[in-house]
Amino acid sequence: MYFQGAGKDVLYFDPPDFLPEPDGFLDKVKNPEGRAWALEVHSLWKNLSRRVSDEVRKLPEFHTLLPLPVPVIMPGSRFREVHYWDSYWVIRFGRREKEKMASIAAKASCPTPMKATSNGIFQGDNPLDYALPLAIIQIVLVVVLTRILAFLLRPLRQPRVIAEIVGGILLGPSALGRNKHYLNSIFPSRSLTVLDTLANLGLLFFLFLVGLELDLKSLQRTGKKALAIAVAGISLPFLLGIGVSFFLRKTISEGVKEAPFLLFMGVALSITAFPVLARILAELKLLTTDVGRMAMSAAAVNDVAAWILLALAIALSGSEHSPLTSLWVLLSGAGFIICCVAVIPPVFKWMAHRCRQGEPVNEMYVCATLAIVLAAGFCTDSIGIHALFGAFVIGILIPKEGPFAGALVEKVEDLVSGLFLPLYFVSSGLKTNVATIQGAQSWGLLVLVICAACFGKIVGTVVVSLLGRIPVQEAITLGFLMNTKGLVELIVLNIGKDREILNDQTFAICVLMAIFTTFITTPIVIAVYKPAKQAISADYKHRTIERKDPDTQLRILACFHSSLNIPTMINLIEASRGTEKRQGLCVYALHLMELSERTSAILMVHKARKNGLPFWNKLQQSDDNQVVVAFEAFRQLNRVFIRPMTAISAMHDMHEDICTSAEMKRAAIIILPFHKHQRLDGTLETTRNEFRWVNMRVLEHAPCSVGILLDRGLGGSTHVSASNVSSTVTVLFFGGHDDREALAYGARMAEHPGVSLIVIHFTASNDILRQMVKIDITGEFSNSSDSADKTFLAIFKKNSDDDSVKFEEREVNSAKEIVEVVKAFSRCNLFVVGRMPEGPVAATLTEKVEWPELGPVGNLLTSHDFSTSASVLVVQQYNSPTSQLTSGSSTMIAELRGDDAEAG
């Protein structure tokens with residue numbers, strides 16, 4: 001087997017496959033360690049002598065015998081003496097002898113290839129001796145271990161790549177691999193070819209996805225400050241990496257090629273992991289801050305520059321025969337890119353044009369794309385760069401408009417990220433042996449590499465940031481954010497290891513450096529960056545719809561999960577407009593999107609930026625445009641101030657974004673969709689159960705009133721124009737804060753000329769009152785609430801004398817009678833009820849509720865026994881004297897369009 005090293009072609013044999021036995025073998029070994037090794041070699045040689053030809057054993061006597069177990073045979077004219085070179089046995093020989101020796105060594109050393117599948121344990125086969133079952137075990141093991149580690153590291157808010165890198169190291173010789181039985185059973189040497197092939201195949205498609213998500217057209221939108229930070233964040237650590245490489249070459253990396261080693265170390269220290277940085281910023285809710293925007297822009301430039309430098313380093317590392325080889329590799333790579341730019345975009349534009357929005361993408365187009373990716377990988381590998389570059393280039397060149405690119409991500413990503421990509425981390429972990437870092441010198445070099453990487457990134461970024469008049473606190477935060485490493489770092493190190501540029505010790509040092517620099521990013525940023533808490537505006541007086549002056553502007557934060565919720569939401573907003581004499585209605589339409597663990601979740605991050613994330617394309621652009629166009633059309637036709645927004649959060653803290661956004665926009669009520677939707681047969685089906693917990697947390701922490709909307713097709717599936725609105729809204733009034741809020745909202749809707757309001761006021765019969773007197777020993781049903789209800793009803797009756805409002809009082813004697821009354825009005829379009837009604841009548845509703853967030857009346861209207869086609873809005877009034885949510889962190893919310901100006 002040939003490998004590149006020391007400037008010449010080298011034929012390499014693993015011991016003890018080819019070990020000649022010269023005369024005086026033991027006499028020539030002087031040091032004790034070498035003598036012990038020589039005794040072992042001598043014993044092994046006796047067992048192998050039958051498998052080595054007589055011609056090999058006729059080699060002349062060695063002039064020098066080195067006590068190291070790696071013979072290396074270098075080319076020459078004829079057999080000559082052994083030379084001391086890089087602590088190896090070296091035998092020079094001619095071309096014919098080289099071919100003959102290679103044939104002999106192959107026959108003597110090649111292990112028996114593994115069969116794909118076994119016949120089963122009942123026929124005596126061990127599944128671990130066969131390629132497929134062994135690969136299954138390896139995949140399951142690495143996936144389970146990395147997911148467990150990710151779960152354990154989640155409280156520390158570490159990105160998943162840390163868990164994956166550490167998991168790979170634990171499975172390798174640094175930890176579990178110290179047990180040779182485990183290592184030979186689960187990761188035997190003859191299985192590594194299959195493992196590396198699957199790992200690199202997964203990495204190939206992963207880099208295709210990375211290219212698919214990048215948009216180089218956005219490069220011109222990178223600001224001058226971000227560009228300066230990126231240049232400084234690359235230049236200084238790159239120069240320090242070159243400086244560190246000189247120390248390494250004189251100590252633990254002797255004999256390696258100088259130019260490629262310098263480049264690889266420079267690139268390794270100067271990389272910033274763009275996807276990992278985006279994930280960290282999203283977790284810390286810093287994406288919409290100035291620090292987050294600057295870091296993402298600079299990291300995008302850094303990422304592209306790192307790939308260019310890596311391509312150069314790979315080209316130089318492959319030069320063995322002639323200095324012109326690197327030039328040919330670079331020219332061929334440039335020619336490949338030019339051909340792709342000329343040929344690929346028209347082909348994929350034709351495919352994308354034939355894929356219509358809302359229709360499934362033709363499977364033939366997907367298969368053709370994946371085949372083109374593999375072919376591009378083959379071309380770049382043949383050129384001598386790396387197969388990854390071909391896939392990356394194809395991903396960049398695919399048009400991002402339309403559903404085609406999004407469909408490719410959906411079909412490829414889960415399989416690649418979930419199964420194949422973790423194999424790359426274990427493949428890297430098997431090459432990482434932390435035990436090779438021994439002694440003060442090795443640990444000192446590790447500290448040197450870490451200090452150089454951190455100093456270069458942090459100091460370079462901080463200095464340029466301060467020159468750009470960025471505050472000191474934000475400049476330091478930027479420095480640590482730019483110091484983030486990730487998968488690209490691991491790719492660089494593995495390519496260097498495979499090309500014999502980095503030895504085991506240098507590789508282990510660089511891997512530990514990448515883990516350390518990424519691990520410290522989140523805790524240090526949390527400790528250093530303390531964004532100023534946004535002061536609650538003194539103008540935030542109206543936190544409820546019920547207010548003394550009903551003519552003041554009403555602000556609504558309407559949340560929705562998908563574009564399917566938009567027609568109902570717009571129809572509800574239309575009904576809430578009020579009369580022209582009022583100061584108007586201001587609506588913020590908040591699109592709730594989950595920031596999942598999937599890599600392509602970063603595709604949504606551009607929505608959290610006013611001008612879009614540099615380099616990240618809007619793959620869901622058509623869907624977003626539907627949202628923007630729908631609300632824009634409604635705004636122009638109805639003179640309602642409405643602005644679409646997006647909240648991108650993990651489910652466990654999405655309520656923080658909703659509540660903080662409501663406080664920032666001074667909303668009087670938050671409208672949330674119920675976590676269930678109605679099917680065609682009328683039954684309710686769960687959309688996502690996680691949304692239920694989001695709603696419950698919002699109810700607990702909201703700084704204003706909250707409404708939960710169960711949609712049964714309010715106004716149909718399309719927006720109803722103002723002139724065509726004809727809806728009946730029914731308010732069920734029992735008493736209490738929430739019921740007064742519901743009635744206040746209903747009164748607002750009744751001002752619309754196309755809305756008729758029916759108010760059902762439930763009063764208690766004498767029997768209920770007598771029972772309440774017996775029970776109410778502690779004065780639970782206070783007169784203050786009853787007095788407030790009477791005052792509110794009196795004002796309501798006085799202000800609603802027109803024909804659009806119908807007020808009825810119904811005296812009831814039991815919960816059964818309440819149900820009968822409600823059923824009599826079930827033909828309306830919308831029920832508006834309070835979440836927690838008060839008073840003696842409400843106390844009769846004692847049945848156990850299925851959904852506590854809806855309260856007793858809301859559960860009655862959504863139960864299986866109650867048949868109605870009316871939507872239900874359950875309202876909870878804000879009644880806390882102070883805000884229940886401290887707005888300490890910046891939220892991941894931003895408008896998709898327009899400036900952040902409030903309505904006048």
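Q: Is T461 buried or exposed?
A: T461 is buried, at a relative accessible area of 0%. Buried means under 20% relative accessible area, exposed over 50%, and partly exposed in between (1.4 Å probe, protein chains only). Bear in mind that this is a predicted model: local features need pLDDT of at least 70, side-chain atom pairs count only at pLDDT 80 or more, and totals for chains, interfaces and linings use all residues. Numbering runs from 1 along each chain as its sequence is written, and side-chain values use heavy atoms, with hydrogens and water left out.

Q: Where does T461 sit, and what is T461 in contact with?
A: T461 is in helix α16, residues 439-467. Leaving aside neighbours within four places in sequence, T461 is in contact (heavy atoms within 4.5 Å) with I229, G233, L478, G479 and M482.

Q: OK, new topic. Is L152 buried or exposed?
A: L152 counts as exposed, at 54% relative accessibility. L152 lies in helix α4, residues 131-153.

Q: How many helices and strands are there in the protein chain?
A: The chain has 29 helices and 17 strands. Those are DSSP runs numbered from the N terminus: helices are H or I with at least four residues, strands are E with at least two.

Q: And what share of the residues is buried?
A: Of the 904 residues in the protein chain, 54% are buried.

Q: What about contacts between residues 24 or more positions apart?
A: Those account for 78% of the chain's contacts with a separation of 6 or more.
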